[in-house]
Amino acid sequence: MEQTLKISKIKDGTVIDHIAAGKALKVLSILKIDEKSNNYSVSIGIRVPSSKMSYKDVIKIENRNLEKFEVDKISLIAPDASISIVKDYEVTQKYTVELPARIVGIVKCHNANCITNVKEPVSSEFTLVSKKPLVIRCNFCERNMSEREILGSL
Ligand SMILES: Nc1ncnc2c1ncn2[C@@H]1O[C@H](COP(=O)(O)OP(=O)(O)OP(=O)(O)O)[C@@H](O)[C@H]1O
Ligand SMILES: [Mg+2]
Ligand SMILES: [Zn+2]
């Protein structure tokens with residue numbers, strides 16, 4: 001009996017691989033992929049065996065490119081993820097996401113009185129304090145945000 005089931009290859013699109021096990025659903029929500037997305041095929045693997053990390057999540061999206069701000073958001077959830085661009089069935093570009101030193105406009109400060117939450121045109125801006133555990137500091141009110149707070153605000 002056949003013991004493996006292969007997901008069919010995509011012709012053109014994006015593969016997000018080496019996502020920490022269990023984090024794929026959060027990545028999908030950041031990419032706004034849900035039951036209303038009807039314009040591209042998406043394959044999702046959750047807790048699939050991986051030699052590198054023992055278990056990982058993986059997402060393959062046909063006919064979709066990622067914007068820079070989306071890659072930055074993914075780096076906050078899955079700092080070891082790799083992104084591969086597939087063209088005509090072949091990987092033409094592959095890179096690992098990188099936590100930016102300055103995180104601009106993608107995380108909402110947890111401090112309700114922070115100027116970025118009070119004055120409409122001021123966009124949020126954080127400095128990376130620590131990667132593991134993930135901690136970032138608001139450049140305006142200097143409040144630290146933990147990984148749990150960051151994930152809740154993305
Ligand atoms: N045509 C395709 N359709 C869907 N997924 C693909 C396609 N080509 C490559 N991939 C996936 O893209 C990712 C990167 O491909 P690559 O061949 O570089 O992987 P690899 O040799 O497993 O390397 P690594 O796991 O170290 O990133 C892998 O997850 C692979 O399964
Ligand atoms: Mg691999
Ligand atoms: Zn703040």
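Q: Which residue places a polar side-chain atom 3.1 Å from an oxygen atom of ligand 1?

A: That residue is histidine 18. The model is a predicted one.

Q: How many residues lie around ligand 1, and which come nearest?

A: Twelve residues lie around ligand 1, and those that come nearest are Ile10, Asp17, Lys60, Tyr89 and Lys94.

Q: Where is aspartate 17 placed, and is it buried or exposed?

A: A residue is counted as buried when its relative accessible area is under 20%. Aspartate 17 belongs to strand 1, and its relative accessible area is 17%, so it is buried. Its side chain forms a polar contact of 2.8 Å with the side chain of lysine 56. With neighbours within four places in sequence left aside, aspartate 17 is in contact with Lys56, Asp57, Val58, Ala81 and Ser82.

Q: In which strand does serine 50 lie, and which residues does it touch?

A: Serine 50 is part of strand 2 (residues 42-50). Its relative accessible area of 12% means that serine 50 is buried. Not counting residues up to four places away in sequence, serine 50 touches Tyr55 and Lys56.

Q: How many helices and strands does the protein chain have, and what spans does its C-alpha trace have along the principal axes?

A: The chain has four helices and nine strands, which run β-α-β-β-α-β-β-β-α-β-β-β-α from the N terminus on. The C-alpha trace spans about 60 × 30 × 30 Å. Among contacts with a separation of 6 or more, 55% are between residues 24 or more positions apart. Of the 154 residues, 39% are buried.

Q: Which residues have the most contacts inside the largest nonpolar core?

A: In soluble globular proteins, nonpolar side chains tend to be buried together. Here the largest nonpolar core has 21 residues, and Ile16, Val27, Leu31, Ile59 and Ile74 have the most contacts inside it. At least two residues of this core come from each of strand 1, helix 1, strand 3 (54-62), helix 2 and strand 4 (82-87). Helix 1 supplies the largest share, four residues. Another core, of 13 residues, lies apart from it and includes Cys109, Phe126, Ile136 and Met145.

Q: Which residues are in contact with isoleucine 59, leaving aside its neighbours within four places in sequence?

A: Isoleucine 59 is in contact with Thr14, Val15, Ile16, Ile19, Ala24, Val27, Leu28, Val42 and Ser43.

Q: How many residues of helix 2 are buried, and what covers them?

A: Eight of the ten residues of helix 2 (residues 68-77) are buried, so the helix is mostly covered. The buried residues are Glu70, Val71, Asp72, Lys73, Ile74, Ser75, Leu76 and Ile77. Their cover includes strand 1 (13-20), helix 1 (24-30), strand 5 (90-96), strand 6 and helix 4 (147-153).

Q: Which protein atoms are the donors of the zinc ion (ligand 3), and what is the geometry of its site?

A: The donors are the SG atoms of Cys109, Cys114, Cys138 and Cys141, which lie 2.3 to 2.4 Å from the zinc ion. Four donors count as tetrahedral if all angles lie between 85 and 135 degrees. At this site the angles among the four donor atoms are 100 to 116°, and the site is tetrahedral. Along the chain the donors follow the spacing C-x4-C-x23-C-x2-C. Distant parts of the chain are linked here: cysteine 109 lies in the loop between strand 6 (102-104) and helix 3 (115-118), while cysteine 138 lies in strand 8 (residues 135-138), 29 residues apart. Cysteine 109 is buried because its relative accessible area is 4%, and cysteine 138, at 1% relative accessibility, is buried as well.

Q: Which peptide bond is cis, and what phi values do lysine 32 and glutamate 142 have?

A: Most residues other than glycine have a negative phi, and most peptide bonds are trans. In this model the peptide bond from lysine 132 to proline 133 is cis, with omega near 0°. Proline 133 is in the loop between strand 7 (125-130) and strand 8. Lysine 32 has a positive phi, near 55°; it lies in the loop between helix 1 and strand 2 and is exposed, at 65% relative accessible area. Glutamate 142 has a positive phi, near 65°. Glutamate 142 lies in the loop between strand 8 and strand 9 (144-146) and, at 59% relative accessibility, is exposed.

Terms used: Residues are numbered from 1 along each chain as its sequence is written. Chains are lettered from A and ligands numbered from 1 in the order in which they are written. This is a predicted model: local features need pLDDT of at least 70, side-chain atom pairs count only at pLDDT 80 or more; totals for chains, interfaces and linings use all residues. Side-chain values use heavy atoms; hydrogens and water are left out. Donors are N, O and S atoms within 2.8 Å of the metal (3.2 Å for Na, K and Ca); water is not among the atoms, so sites may look incomplete. Four donors count as tetrahedral if all angles lie between 85 and 135 degrees; four count as square planar and six as octahedral if opposite donors are over 155 degrees apart and all others between 65 and 115; anything else is irregular. Buried means under 20% relative accessible area, exposed over 50%, partly exposed in between (1.4 Å probe, protein chains only). Contact means heavy atoms within 4.5 Å. A nonpolar core is a set of buried Ala, Val, Leu, Ile, Met, Phe, Trp, Tyr and Cys residues joined through side-chain atoms within 4.5 Å. A residue is near a molecule or strand if one of its heavy atoms lies within 4 Å of it. A polar contact is a pair of N or O atoms within 3.5 Å; within protein, one must be able to donate a hydrogen and the other to accept it, and residues adjacent in sequence count only if both atoms are side-chain atoms.
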